[in-house]
Amino acid sequence: MTHSIWLAGCGNMGGAMLRRWIDAGLDPASMTVIDPVATDVPEGVRHLAMPPAESAPTLLVLAIKPQQLAELAPLLSQWHGTPPMVLSILAGVDAATLRDRLGAPVIVRAMPNLPVLIGKGVVALWSDTANEAERQSITSLMRPLGLVEWVDSEPLFHAVTALPGSGPGFVFRIIEALAAAGDRAGLPADQALRFAIATVEGAAALAGDASETPRALANRVASKGGTTQAGLDVLDEDGALNRLINDTIAAAARRSRELADAAR
């Protein structure tokens, strides 16, 4: 996509994106990681503790913690010029704040989730300054990470942060809960966990390929008076499952708004 990509921050998410890009064929020599504590940088990628005093990159990818932006921004002032494009995965930090801190003419916000490591992630994108060619360029860069979609407005990023961004963490807890319930029902714990993981994986794949809604698929599994219907009755009673998930997503979205306020 570009001849010079600098990745500021190589933790869980930044590192996952970087490794997937390299696995998908991105030239390691085009990448520079800026992170004083990263220890698992792919071979061939330049690794620096601090931003160097040299020409700004074509693309700066921000994968630091939102609270670190105030510390990093002054360190970038020693660059010669300004990166023409900044891609930020900072939860809650809006484009106006990024533009004020960094001065880049094009700001693209992105929200990836952890399964990008295996190319099965979600990457939501938004920009009010990128032209069509720049949008296509960013889309191409992100495509090896999984499903890539642009959203229509920046305020939607709070919902994006809560659903695909935080969603894998919630699904992992659901897998854990299924496995624990299977264990309590009599299965060996390790077998219950394998069954839970494979069940979620298979159900998600089926839902992705089906023309029917998830509710219709659930109804296909259930038969009147059967075991699946007995379990669904518990989930559906007084909207218990929907209420729990709604509260979960709302809490994550609320925290995203709090981070945005703190970053301004």
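**View 1. Strand 2 pairs with strand 3 in the parallel sense.** Three bridges link strand 2 (residues 31–34) to strand 3. Two strands count as paired if DSSP finds at least two bridges between them. Strands (E, at least two residues) and helices (H or I, at least four) are DSSP runs, numbered from the N terminus. Within this pair, I34 stands opposite L48 in strand 3. This is a predicted model, in which local features need pLDDT of at least 70 and side-chain atom pairs count only at pLDDT 80 or more, while totals for chains, interfaces and linings use all residues. Residues are numbered from 1 along each chain as its sequence is written, and side-chain values use heavy atoms, with hydrogens and water left out.

**View 2. Strand 5 (residues 85–88) is covered on both faces.** In a regular strand, side chains alternate between the two faces of the sheet. M85 and L87 lie on one side, V86 and S88 on the other, and all are buried. Buried means under 20% relative accessible area, exposed over 50%, and partly exposed in between (1.4 Å probe, protein chains only).

**View 3. Strand 5 has parallel partners in strand 4 and strand 6.** Strand 4 (residues 59–62) joins strand 5 over four bridges. L60 stands opposite V86. The chain runs from strand 4 through helix 2 (residues 69–75) to strand 5 in a right-handed β-α-β crossover. Right-handed means that, with the strands pointing away from the viewer, the path from the first strand over the helix to the second runs clockwise. Four bridges also join strand 5 to strand 6 (residues 106–112). There, L87 stands opposite V108. Strand 5, helix 3 (residues 95–102) and strand 6 make a right-handed β-α-β unit.

**View 4. Six residues make a nonpolar surface patch of about 500 Å².** They are I174, L178, L235, L241, L244 and I245. Helix 6 (167–184) and helix 10 (240–263) each give two or more residues. Helix 10 supplies the largest share, three residues. L178 sits in helix 6. L178 counts as partly exposed because its relative accessibility is 44%. Nonpolar side chains (Val, Leu, Ile, Met, Phe, Trp, Tyr) are joined within 5 Å, like charges within 9 Å. Areas come from the Shrake-Rupley method with a 1.4 Å probe; for residues, only the protein chains shown count as cover.

Definitions and conventions
Patches are made of residues with over 30% relative accessible area and no salt bridge: like charges are joined within 9 Å, nonpolar side chains (Val, Leu, Ile, Met, Phe, Trp, Tyr) within 5 Å. A salt bridge is a side-chain nitrogen of Lys or Arg within 4 Å of a carboxyl oxygen of Asp or Glu.
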